[in-house]
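Dear colleague,

Please find below the structure that I am handing over to you.

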Amino acid sequence: MTLKSKLTSKKGYIFTYEAVAVVILFIAVFYMGYFTFTHVNLTNQEQKRDMEQFEKANLISDMIFKMHEFPSNSYVPDYLRFLKAVSQRYSGLETIPGTFDPYSMNQEFIYNESWYYEINITNPGTQDLTDFQVLVTLNPSNFNFDYSSDGSGLSFWQGNTQLHYWIETWDYNDEARVWVKVDSLPDETTTQILLKRNQGGSYSSDGDDTFIFFDDFEDGNFNDNWNIVRGDWEISTDSDLSYYNGGSGTNHVAHLEASDIEYRRAVSDDPLSVVDEDIYILDALVKGHTGATGGSADSPDTMLGFYSDNGGNNYYNSFNGYDQVFAICENGDSNAVLSNIFTKDNQWYYEKLILEQEDKNVGGDENKICKASLWELFNGYLGDTNPNYNLDSMLDTTCEVTSYSSTRKHILIGTGQGSHSEEFWFDNIKVRKYAPNVLVDVYEILSYNAGQNAINVSEYHFEGVPSYTFSNVNLVDVNYSYTIVPDTYVMTRNLYVPVKTWRYSNSNSETENISSGEILYFAARRPSTISNITAKADATTTALFMVNGVPYELSLGTGDKLTDFEKVISTHAWEYYEPNEVKLLSTDPATNVDLTLNYDESSTIYVLKLKQYNVSCILSMNN
């Protein structure tokens, strides 16, 4: 029998050498297996992390391209709608796939001083006009309502002086009527004032500051401006008249309640701020109802009174209920009949009176100028279409003002007679200065410095992007140069990139240069129709075009040549809703081509030019 070698510990334990070797071998195998497993696992984790990082970079690049697909939000609002119309017409999608706007990164649109409106006011008369109220009418032919969609933030300036104004109506993309009190309009001269937005002006729409006298009854307190002589007066809400009223969407009017009591009226608290030899205009909205509580009459006895004393005892009035005609009368007298207009029941009318405060031969009770006009309001028609013109629309008469005419500077509202249980309504009573005629022209000024500014450009970069400086929509050039280093992810796509985005104001002819492969989109926003399109080349060539999907082959030289493009393009007066596409497929020999768009009237013309480029999105894998 062979004895095994043994190890004896100090404790008395006995181990064989074989047992120790087995333990050592087990430990060695365990650690080798553990390290192998750990290495494989870590390697797999690392590969998975690298793959996730790669996929993440790929997703980020896709997201970046998607975020900046055309059209982006980096354009002025009306131009953006033109771009969306382009994408919807030619792709049927919200965006044109694969079209890239590199200037849309983290941008913020800023309305600045370079987008404003020049308003030229011509006084053709021989008298200087001071503190004169001018109506400025804005509509899509002269105004871009995206400048202020709701009439807020406006200010008017004559030089460095801010002007008072009152917004009568503001209907987006339809019409806005704004009264501006201009400091000075010299005779036989054109004066320029400016319409700006968000320029820190302290004035807002306010009729009290704009007119000699004003009350639209929006403050809800009838007694603020009026002394009740007779009758029950209140402020009521009216839904027939749609006026701006600070954008509140409501309208309040003065209401004289029904009664059989005659001669119910109210007189203005304060006299008008008019002086001898002044000629002024009084206008108001008026309505009467003849059968309020069972009474009856052929026509309501509505009265707009003037040349009144403080107590309303002496006055002239514009309606005579006794004769049922539109008339200039004194204290209900029916002599000075103007017209046999038979006013309708429950119908709003716009009434306008031209009045001379004192005859030039001061010293006696002389005949004064009294002219009157009346318009029926219906279908949104607001009465006088051009309140700046005060000649042919008026009916002449005279009124002999007696009983100390210099003290008779108050206004009356109410009823000339007013039996038959009649009730009456009044609104927008205002007094302004008179001139035979002033002319108003509005011009949009959008200089090349207006538009977008790029801010906070992210660390990702784009290469292969064309540099262009010919845009009044996107201004700031961003440096996209980038050096490829290790751990860099690059995604490249061949995309149509905007090489020109332009918005021309007040133009009826524009020339655009295009080269082979470029696509030109264009449209007009304002009421204007394209007359023709001419083309010429830098050298004699044969050019192949695709116009709204229709092929054209033209032999071009260096002189303008009429095309027949207008046969297949939209000639709608508002191409803005239906943009046109012209693609220059090729020229033989190769050369550039000038296309000239000619319209019959000045308009806002939008132009977009795209060209294919390789655009690279470059991301750091370590970031």
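Leu 135 stands opposite Trp 179, a residue of strand 9. Strand 9 covers residues 175-185, and its antiparallel pairing with strand 5 runs over nine bridges. Helices (H or I, at least four residues) and strands (E, at least two) are DSSP runs, numbered from the N terminus; two strands pair if DSSP finds at least two bridges between them. The model is a predicted one, in which local features need pLDDT of at least 70 and side-chain atom pairs count only at pLDDT 80 or more, while totals for chains, interfaces and linings use all residues. Residues are numbered from 1 along each chain as its sequence is written, and side-chain values use heavy atoms, with hydrogens and water left out.

As a general point, strands of a sheet pair through backbone hydrogen bonds, either parallel or antiparallel.

Strand 5 also takes part in the largest pocket, to whose lining it gives the most, with three residues. The volume of this pocket is about 540 Å³. Of the 21 lining residues, Gln 127, Asp 128, Leu 129, Glu 277 and Tyr 434 are the closest to the centre of the pocket. On a 1 Å grid over the protein atoms alone, a pocket is an open set of points with protein on both sides within 12 Å along at least five of seven lines, whereas a cavity is a set of points where a 1.4 Å probe fits but cannot get out; lining residues have an atom within 4 Å of a point. Grid points are joined across faces, edges and corners, and a volume is the space filled by probe spheres set on the points.

How many cavities of 30 Å³ or more does the structure hold? There are three cavities of 30 Å³ or more, and the largest cavity has a volume of about 50 Å³. Strand 16 supplies the largest share of the lining of that cavity, three residues. Among the residues that line the largest cavity are Val 286, Phe 319 and Tyr 349.

Turning to strand 36 (residues 593-620), 20 of its 28 residues are buried, so this strand is largely enclosed by the rest of the structure. Buried means under 20% relative accessible area, exposed over 50%, and partly exposed in between (1.4 Å probe, protein chains only). Strand 36 runs antiparallel to strand 29 (residues 488-514), to which 23 bridges join it; here Asp 594 is the bridge partner of Asn 513. Six bridges join strand 36 to strand 30 (residues 519-524), again antiparallel, and Ala 524 has Ile 605 as its bridge partner. Seven bridges link strand 31 (residues 530-537) to strand 36 in the antiparallel sense, with Ala 535 partnered by Leu 595.

Is Ile 605 buried or exposed? Ile 605 counts as buried because its relative accessibility is 0%. Leaving aside neighbours within four places in sequence, Ile 605 is in contact (heavy atoms within 4.5 Å) with residues including Trp 502, Tyr 504, Ala 523 and Tyr 599. Glu 575 lies 30 residues from Ile 605 in sequence and 9.3 Å from it in space, C-alpha to C-alpha.

Yours sincerely
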